[in-house]
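Here is a short report on one protein chain. Please look over the sequence and the model before reading on.

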Amino acid sequence: MIGTALIGPSHPAFGNQLNLASGSREPDPASTARFFEQSATGPRCGMIQFARIPTESERASLTLLGVRLHTYVPDRTFLATIPPGVSFDDLSEHGATWVR
């Protein structure tokens, strides 16, 4: 089972649910900070939800950061590989509303 989605510390994204076959999950506002505080020596796997589905240009910008978007998960969420050194602020500049 995939855990709850996470909201960025200052983003008012409550109500942006992750819709899974097992049911919807509400964001946990405290968990994004923990995700990015973890010391990572290699890429981290997670989920990124966006305000809207990224355009090809936005995806290219994320690729330049080293972020790889994989499988789509409703709503506006992608499984992703996030390299060390990329912060929530970096992702939010590209439309991310929460990360887990």
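## Report on the chain

Tryptophan 98 is found in strand β6. Helices (H or I, at least four residues) and strands (E, at least two) are DSSP runs, numbered from the N terminus. The model is predicted: local features need pLDDT of at least 70, side-chain atom pairs count only at pLDDT 80 or more, and totals for chains, interfaces and linings use all residues. Residues are numbered from 1 along each chain as its sequence is written, and side-chain values use heavy atoms, with hydrogens and water left out.

Tryptophan 98 counts as buried because its relative accessibility is 0%. Buried means under 20% relative accessible area, exposed over 50%, partly exposed in between (1.4 Å probe, protein chains only). The C-alpha atoms of tryptophan 98 and phenylalanine 88 are separated by 8.0 Å, with the two residues 10 apart along the chain.

**The chain overall.** The protein chain has 3 helices and 6 strands. From the N terminus on, their order is β-β-α-β-α-β-β-α-β. Of its 100 residues, 37% count as buried.

**The core.** A nonpolar core is a set of buried Ala, Val, Leu, Ile, Met, Phe, Trp, Tyr and Cys residues joined through side-chain atoms within 4.5 Å. The largest one here holds 14 residues; Phe36, Ile48, Phe50, Val67, Ile82, Leu91 and Val99 touch the most other members.

Strand β5 gives the most, with 3 residues. Leaving aside residues up to four places away in sequence, isoleucine 82 touches Phe35, Pro43, Arg44, Ile48, Leu91 and Val99. Contact means heavy atoms within 4.5 Å. Of the contacts between residues at least 6 apart in sequence, 59% join residues at least 24 apart.

Strands β4 (residues 68-73) and β5 run antiparallel and are joined by 4 bridges. Two strands pair if DSSP finds at least two bridges between them. Arginine 68 stands opposite threonine 81 in β5. The hairpin has 3 residues between its strands, and arginine 76 takes a positive phi near 60°.

Threonine 77 is found in β5. Threonine 77 counts as buried because its relative accessibility is 0%. A polar atom of its side chain lies 3.0 Å from the backbone oxygen of aspartate 75.

Technical notes: A polar contact is a pair of N or O atoms within 3.5 Å; within protein, one must be able to donate a hydrogen and the other to accept it, and residues adjacent in sequence count only if both atoms are side-chain atoms.
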